[in-house]
Amino acid sequence: MSYSAEQDRLLLRVGTTDKKEDQLMLTRRFVRVLWAALIKVLEKQPDLKRDLMPKVKKAVMAMEHQKAVSDADFSRKHEKGYQNLPPGSDPLLVVGGSVEPGNGGPTRLLLKTQTGSKIKLALNKNLLHALCKLLIETTMKAGWDLGLTVGDAASLAAPADKTQVH
């Protein structure tokens, strides 16, 4: 994922196992709507207990997110050899979509483009967290001030003061 300052959009490149690639442009408005749907899916993960207090639930979500992204390899470059768009073609502008929780399986993400194409992605838990991490980082680089976070990472930090309580 990268940011195009000229178009003020995010570019999401998705490679498939058969070496094809979809290039998708995401607007700020769409990312805001998508983010809300992704967070709802993360809140409904089977391993996240429903009866937790809201602050505890957010802390657990943050821990799960940190664990999932620490297991991912973000240092790998996008692989070469993918069949890209035809020469002269622009990436597809995403104008809508839906997110469906997997109910124990992968989360299904459907992205609808301006041309009427539909891109379907199946995201396991780790890929879902990786997508969230990329959205957080890229929107920060873009300066979009969306304040995207998974859970409440601040609640995981140790207190700044050195007071000991026995």
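Reading the model

A: The buried residues of helix H1 are Phe30, Val31, Leu34, Trp35, Leu38, Ile39, Val41 and Leu42. Because these residues cover an arc of only 165° around the axis, they lie on the same side of H1. The arc is that of the directions from the helix axis to the C-beta atoms. Buried means under 20% relative accessible area, exposed over 50%, and partly exposed in between, with a 1.4 Å probe and protein chains only. This is a predicted model, in which local features need pLDDT of at least 70 and side-chain atom pairs count only at pLDDT 80 or more, while totals for chains, interfaces and linings use all residues. Residues are numbered from 1 along each chain as its sequence is written, and side-chain values use heavy atoms, with hydrogens and water left out.

Q: Which exposed residues does the face of H1 turned away from its buried side carry?
A: That face carries Arg29, Val33 and Lys40.

Q: What span does H1 reach from its first C-alpha to its last?
A: The expected span of a helix is 1.5 Å times one less than its number of residues. H1 has 16 residues and reaches 23 Å, close to the 22 Å expected at 1.5 Å a residue.

Q: What secondary structure does the protein have, and how do its elements run from the N terminus on?
A: Helices (H or I, at least four residues) and strands (E, at least two) are DSSP runs, numbered from the N terminus. The protein has three helices and six strands, and its elements run β-β-β-α-α-β-β-β-α. Buried residues make up 36% of its 166 residues.

Q: At what angle do H1 and H3 pack?
A: Axes are lines fitted to C-alpha atoms, for helices over the stretch in contact, and angles run from 0 to 180 degrees between N-to-C directions. Helix H1 (residues 28-43) and helix H3 (residues 125-142) pack at about 145°, with their axes 11 Å apart. The contact, meaning heavy atoms within 4.5 Å, is made on the H1 side by Val31, Leu34, Trp35, Leu38, Val41 and Leu42. On the H3 side it is made by Leu128, His129, Leu131, Cys132, Leu135, Ile136 and Thr139.

Q: How many residues of this contact are nonpolar, polar and charged?
A: Ala, Val, Leu, Ile, Met, Phe, Trp, Tyr, Cys and Pro count as nonpolar, Asp, Glu, Lys and Arg as charged, and the others, Gly among them, as polar. The contact of H1 with H3 has eleven nonpolar residues, two polar and no charged.

Q: Where does Val150 lie, and what does it contact?
A: Val150 is in the segment after H3 and is buried, with a relative accessible area of 5%. Leaving aside neighbours within four places in sequence, Val150 is in contact with Trp35, Ile39, Leu42, Met61, Ala62, His65, His129, Cys132 and Ile136. Val150 and His65 are 85 residues apart in sequence, yet their C-alpha atoms are 6.8 Å apart in space.

Q: Is Leu26 buried or exposed, and which residues does it touch?
A: Leu26 lies in strand S3 (residues 21-26) and is buried, at a relative accessible area of 2%. Not counting residues up to four places away in sequence, Leu26 touches Arg9, Leu10, Leu12, Val31, Val94, Leu135 and Trp144.

Q: In which strand is Ser4 found, and with which residues is it in contact?
A: Ser4 is found in strand S1 (residues 2-4) and is buried, with a relative accessible area of 14%. Apart from neighbours within four places in sequence, Ser4 is in contact with Arg9 and Met25.

Q: What phi does Asp8 have, and where is its place?
A: Most residues other than glycine have a negative phi. Asp8 has a positive phi of about 50° although it is not a glycine, and its place is in the loop between S1 and strand S2 (9-15). At 37% relative accessibility, Asp8 counts as partly exposed. Asp145 also has a positive phi of about 50°; Asp145 lies in the segment after H3 and counts as exposed, at 72% relative accessibility.
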